[in-house]
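Colleague: I'm new to reading protein models. Could you walk me through this one, feature by feature?

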Amino acid sequence: MRFTKMEGLGNDYVYLNCLERTPPDLPELARRVSDRHFGVGSDGLICVCPSEQADFRMRMFNADGSEGEMCGNGIRCVGKFVYDKGLTDKTTVSVETKAGVKVLELQLGADGLVSAVTVDMGAPAVEKPRDITVDGRSYTVTPVSMGNPHAVLYLEGIDGLDLPKIGPGFEHHPSFPNRTNTEFVEVTDRTHLRMRVWERGSGETLACGTGACAVLAATASAGRCERSAEVALLGGVLRIRWDEADGHIYMTGPAVTVFEGDYPYGSDQ
Ligand SMILES: N[C@@H](CCC[C@H](N)C(=O)O)C(=O)O
């Protein structure tokens, strides 16, 4: 099975061309390839599939095999994957996801390959902040849907947080029946935010595109930042803009191919 390893701000996935053939048991494949010791090593698996509603369809699986509705860093890499491999010659590409059809604007580098992508991430749904208790401590979280679930919370000293210890308590909290991605945020100033993320199904990752959009939406809704800001994650910076006219969030960031390879899979399934 031919695969491409790609990353957006260090949020890395194994990408498969499933336009003609899809391997069996994608959740099991996702668990196997994601393993950083016994597999390729990634935050999950992304399949590029045919679509009846859009140019392509993206299916994304977390490292634990669960299927996510949407992946912001992943969909930028899907744009690079389809353009750089000659699967399309368009620089405006539509991609069907479980959170609806998203439109990508591809930016080309001097080598003629995709270097960065802006994605229309659609309209966020920001809920009222609520208090929840995790491991005996009370936190105020703002639930936000970007098609997938997020819980945004503000803390000083996010660098010192032990996310593997506290993250699972948020992910599996009873107030999030579908589990949740959790963003731990510091507001630097009105146009600069910092965050770390504990992702549903993958644990701490270096970046989360839908998470950065959720953070901007929650923080701007609370009047604590502008509608356009830079969000700094462990793996780098995303530019996020919440358009006043259409209510959609636009995310801009890099997309990088790391390497290609072959993974033995199929005959033992
Ligand atoms: N890293 C992604 C989000 C991946 C899916 C998420 N873990 C979920 O289960 O919702 C991003 O860049 O948005």
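Modeller: Happy to. Let's start with a helix: helix 2 is mostly covered, with 12 of its 13 residues buried. Bear in mind that this is a predicted model.

Colleague: What makes a residue count as buried?

Modeller: You count neighbours: a residue is buried if 20 or more other C-beta atoms lie within 10 Å of its own. Take Arg-76, which is found in helix 2. Arg-76 counts as buried because it has 29 C-beta neighbours inside 10 Å. Others on the buried list for helix 2 include Asn-73, Ile-75, Lys-80 and Phe-81.

Colleague: Which residues does Arg-76 touch, leaving out those up to four places away in sequence?

Modeller: Arg-76 touches Gly-8, Val-117, Val-119, Gly-253 and Ala-255. Arg-76 and Glu-7 are 69 residues apart in sequence, yet their C-alpha atoms are 9.2 Å apart.

Colleague: Which residues other than glycine have a positive phi?

Modeller: Let's look at two of them. Leu-9 has phi near 55° and sits in the loop between strand 1 (2-8) and strand 2 (11-17). Arg-179 has phi of about 60°, and its place is in the loop between helix 3 (163-171) and strand 13 (181-189).

Colleague: Are Leu-9 and Arg-179 buried or partly exposed?

Modeller: Count the neighbours again. Leu-9 has 25 other C-beta atoms within 10 Å, so it is buried. Arg-179 has 18 within 10 Å, so it is partly exposed.

Colleague: Back to helix 4. How many of its residues are buried?

Modeller: 12 of its 13, so helix 4 is mostly covered. Among those buried residues are Ala-212, Cys-213, Val-215 and Leu-216.

Colleague: Where do the nonpolar residues go?

Modeller: In soluble globular proteins, nonpolar side chains tend to be buried together. Here the largest nonpolar core has 69 residues, and those with the most contacts inside it are Tyr-15, Val-78, Ala-212, Cys-213, Val-215, Leu-216 and Val-231. Helix 4 gives the most to this core, with 8 residues. Domain 1 (2-119 + 254-262) and domain 2 (125-247) both give residues to the core, so it lies between them.

Colleague: How do the two domains meet?

Modeller: The C-alpha centres of domain 1 and domain 2 lie 23 Å apart. The contact takes 19 residues from domain 1 and 20 residues from domain 2. On the domain 1 side there are 5 nonpolar, 11 polar and 3 charged residues.

Colleague: Where does the ligand lie relative to domain 1 and domain 2?

Modeller: You check which parts supply its shell. Both domains give residues to the shell around the ligand, so it lies between them. In total, 18 residues surround the ligand, the closest being Gly-68, Gly-72, Asn-148, Gly-209 and Thr-210. The elements giving two or more residues to this shell are helix 2 (72-84) and helix 4.

Colleague: What is the shell made of, by class?

Modeller: The shell around the ligand has 2 nonpolar, 14 polar and 2 charged residues.

Notes
Residues are numbered from 1 along each chain as its sequence is written. This is a predicted model: local features need pLDDT of at least 70, side-chain atom pairs count only at pLDDT 80 or more; totals for chains, interfaces and linings use all residues. Helices (H or I, at least four residues) and strands (E, at least two) are DSSP runs, numbered from the N terminus. Domain bounds come from an automatic or database domain assignment. Two residues are in contact if their C-beta atoms, placed from the backbone, lie within 7 Å. Ala, Val, Leu, Ile, Met, Phe, Trp, Tyr, Cys and Pro count as nonpolar, Asp, Glu, Lys and Arg as charged, and the others, Gly among them, as polar. A nonpolar core is a set of buried Ala, Val, Leu, Ile, Met, Phe, Trp, Tyr and Cys residues joined through C-beta atoms within 7 Å. A residue is near a molecule or strand if its C-beta atom, placed from the backbone, lies within 6 Å of it.
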